Amino acid sequence: MIGRPWLASYPPSVPAEIDPSRYASVADLLRASFARYGEAPALSNLGTTLRFADVDRESRAFASYLADGLKLAKGDRVAVMLPNLLQSPIVIFGILRTGLVVVNVNPLYTPHELEHQLKDCGARALVVLENFAHTVAAVLGRTPVETVLVTRVGDALPALKRGIVNFVTTHVKRLVPPWDIPGAVDYRTALALGRRTAFAEPRIEPSDLAFLQYTGGTTGVAKGAMLTHRNIVANMLQASAIIRPYFNARDGDAVTALPLYHIFALTVNLLCFIELGAHNVLITNPRDVRGFVAELRKLRPAFITGVNTLFNSLLHHPGFARVDFRWLKISLAGGMAVQADVAARWHKLTGKHISQGYGLTEASPIVSANLPDGRAFNGSVGLPLPSTDIAILDEGDRELGVGATGEICVRGPQVMAGYWNRPDETAAVFVRQWLRTGDIGRVDAAGLLFIEDRKKDMIVVSGFKVYPNEVEDAVTLHPDVVEAAAIGIPSEQSGEIVKVFVVSKSGKLTADEVIAHCRKELTAYKVPHVVEFVKELPKSNVGKVLRRELKERVQLAG
C-alpha cells in the first residue's frame, strides 16, 4: 500500500525493517541460540525439562543418524508425524541441521490423506509416534518412504518417568492399535547410533528449502508450500521484533498448546522463543481442557498462543479462573477471527487483552499482528510486520486506497517460493509479485488491517455481501450460545440466505430466540433465516471451525 501508513503507528522499539540475512539458515539460528543460552531451560513436556544444551546435543545426534546412518542427502524430505512432545523439536531441528526438508504431518490424518502427502512430497523417511503407526503401516507400501522411525510418548523422558508414562499410555489407556512395519527403527536407537558419529553440519543457503508445509486442502487437494530457510528466518525475526519489547525470557513460561506441526506454533512458539531464549512448555493434548488447566496452574504462564475456540473452551472451564494470571504478558490469537465476546470475557478474567494476528501458511505464516502493548481488543488483526507490505486489490487487480475493501495481497521476505510441483497453481496465486491471500479486508488510516472474511466463504444476499464472521460475532453475544458458524445456502428469492449452526449452553434455546436476538444486532439481510442446533462444530486440528464441512453437510442433506 502506497505510503505504508502502519509505520506511523509503530512504537520506537519496533523497527520498520528486519535483516533476513542475519542468519544464513535456520540451522545458523539454532547454533547461535544453543551457544547463547546453553544452560537455560528451553523446552518442557510431561514434567521433564531440556536445557538449550540438551536440545543441541540431542538434535545433533539425530542429525548425525540421518546423514550417516540413513545416508540422506541435502534436500531430501523427511516427514514428521508427531504431536507436541519433546521429540518433535529434536527431530525438526535435526532435520534442518542436516540440510534436509521437514514435511510436517498431522498425526490424525486418515490413511488416504497420509498417502497423498507422502507421495506428493516424495519423503524418504518418516518419524511417527507409535500411537499412529497403524496409519503408516496401512499405506507404507504405496509410498516412497524407505525408513520409518517410531517413537513412544516417554522416549524423551528420564528412565523412571519414561517407564511410567509408556505403561499408562500403552496399557491403561490402550491408545496403541496393532501395527506392523518391517524394518522400523526405534527412535532411541537412532539417537544412540547418532551419538557415535561426528557430525559435520553442511553449508545451507538461504534459498534452500526448510519446510514443505502442506495447506489444509480447503480449496482442493492439499498443496505443499515451499518455505525456504530465508522465509522462516525472516518471519521468526519479524515476530521477535514485535514480541521482544514486551516479553523477555525471565518473564515466565511460553505455553504452546497449538500443535508444532501447524505453521503458527512452529514459527511463533518454537522458533521465535528459541531465538528469544525463553522457556517453552509443550501441551500434548489441549483438547483435554481439564488436564490443560491443571498444567497451567503449575506454570508461570506469561505467553500463550491460541485460536478463538481454544480461548473459548478455557473460559468455559471452571478451573481456569484459578490460574495465576499475574505472570501473563501476552495472549496472541490467530488462525480464525476472535469473537468480541470471547475477547471481552478473556480480559475480564485474566486482566490482559487478546492480541489478534493474521497469517497464512504461504507467508510462513505471520503477516500482521496487534502489538501486545495493553491496548483494548479492537477487532483488527493489527499492523503489518516489519519488512511486510500489504495491498488491497479489487476484482480487476487494481490497488485500492485506505478504507476500501478488497482482496488482501502480501509481499515480504516471509512469502513462500511457491507450491511444490505445482507451477500453474503457483502462478495463479501471485499477481505482480504480490501473494493473493483469498481473504477480504481493508486497511484503516492508522495502518490497522481488518479481515472481513474468506473470499470463498462470503454470502451474497440479493446482491449484498454478508461476512460470516460478522454474523457469528452477533450470534455469540447471546448468553446461551457457546459458539456458532454461519454459511450461505441457496435461495430462489435472494440467491442465498444465511444459515447459522449453534451450540447452546442449556440445550433449551430456540431458533426463534436466536433470530430475534440477531434482529437487534444485524441489518435485516444479514439476519439468519435458518438455525440448526448442533452438539459441536467441526474443527481443524488447531480448532479452526470448518465451514466447508458444514456446507457439505447441507449439500448432502438435500
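**Figure 1. Helix 1 and helix 3 pack at an angle of about 120° in this predicted model.** Helix 1 covers residues 26-37 and helix 3 covers residues 87-97, and their axes are 8 Å apart. An angle from 65 to 115 degrees would count as roughly perpendicular and one over 145 as roughly antiparallel; helix 1 and helix 3 are therefore described as oblique to each other. The crossing of helix 1 past helix 3 is left-handed. On the side of helix 1, the contact is formed by Val26, Ala27, Leu30, Arg31 and Phe34. Helix 3 contributes Phe93, Leu96 and Arg97. Sorted by class, the residues of this contact between helix 1 and helix 3 comprise 6 nonpolar and 2 charged residues, with no polar ones.

**Figure 2. The axes of helix 10 and helix 11 cross at roughly 80°.** Helix 10 consists of residues 289-298 and helix 11 of residues 308-315, and the two axes come within 10 Å. Angles of 65 to 115 degrees count as roughly perpendicular, and helix 10 and helix 11 are therefore roughly perpendicular to each other. Val289, Phe292, Val293 and Leu296 represent helix 10 in the contact, where they meet Leu310, Ser313 and Leu314 of helix 11. The contact of helix 10 with helix 11 contains 6 nonpolar residues and 1 polar residue, but no charged residues.

**Figure 3. The protein chain as a whole contains 16 helices and 27 strands.** The radius of gyration of the chain is 23 Å, close to the 24 Å that the globule rule gives for 558 residues, so the chain is as compact as a globular protein of that length. Along its principal axes, the C-alpha trace spans about 70 × 55 × 50 Å. Of the 558 residues, 59% count as buried.

**Figure 4. Helix 4 packs its buried residues against several strands and a helix.** Helix 4 runs over residues 111-121, and its buried residues are Leu114, Glu115, Gln117, Leu118, Asp120 and Cys121. These buried residues pack against strand 3 (77-81), strand 4 (101-104), strand 5 (125-129) and strand 8 (209-214). Helix 5 (133-139) is also among the elements that the buried residues of helix 4 pack against. Just after helix 4 comes Gly122, which has a positive phi of about 70°.

**Figure 5. Arg124 occupies the loop between helix 4 and strand 5.** The relative accessibility of Arg124 is 23%. Buried means under 20% and exposed means over 50%, so Arg124 counts as partly exposed. Arg124 and Arg77 are 47 residues apart along the chain, yet their C-alpha atoms are separated by 6.1 Å. Leaving aside residues up to four places away in sequence, Arg124 touches Leu70, Lys71, Leu72, Ala73, Asp76 and Arg77, and also Pro144, Val145, Glu146 and Thr147.

**Figure 6. Leu509 is a buried residue in a loop.** The loop lies between strand 26 (495-504) and helix 15 (511-521). Leu509 has a relative accessible area of 8% and is therefore buried, as buried means under 20%. The C-alpha atoms of Leu509 and His478 are 10.0 Å apart, and the two residues are 31 residues apart in sequence. Residues up to four places away in sequence are not counted in the following list: Leu509 touches His478, Asp480, Val481, Val502, Ser504, Val514 and Phe533.

**Figure 7. Backbone details at Arg4, Pro365 and Asp397.** Arg4 is found in the segment before helix 1. Although Arg4 is not a glycine, it has a positive phi of about 45°. The relative accessible area of Arg4 is 18%, and Arg4 is buried. Asp397, in the loop between strand 17 (389-393) and strand 18 (406-411), also is not a glycine and has a positive phi, near 65°. Pro365 belongs to the loop between strand 14 (354-359) and strand 15 (366-369). The peptide bond from Ser364 to Pro365 is cis, and its omega is near 5°.

Notes
Residues numbered from 1 in each chain as written. Predicted model: local features only at pLDDT ≥ 70, side-chain atom pairs only at ≥ 80, totals over all residues. Heavy atoms only, no water. Axes fitted to C-alpha atoms, helices over the stretch in contact; angles between N-to-C directions. Helix = DSSP H or I, 4+ residues; strand = E, 2+ residues; numbered from the N terminus. Parallel < 35°, antiparallel > 145°, perpendicular 65-115°, else oblique. Contact = heavy atoms within 4.5 Å. Nonpolar A, V, L, I, M, F, W, Y, C, P; charged D, E, K, R; others polar. Left-handed = near helix turned anticlockwise from the far one by under 90°. Rg over C-alpha atoms; globule rule 2.2 N^0.38 Å. Buried < 20%, exposed > 50% of the residue type's maximum accessible area, 1.4 Å probe, protein only.
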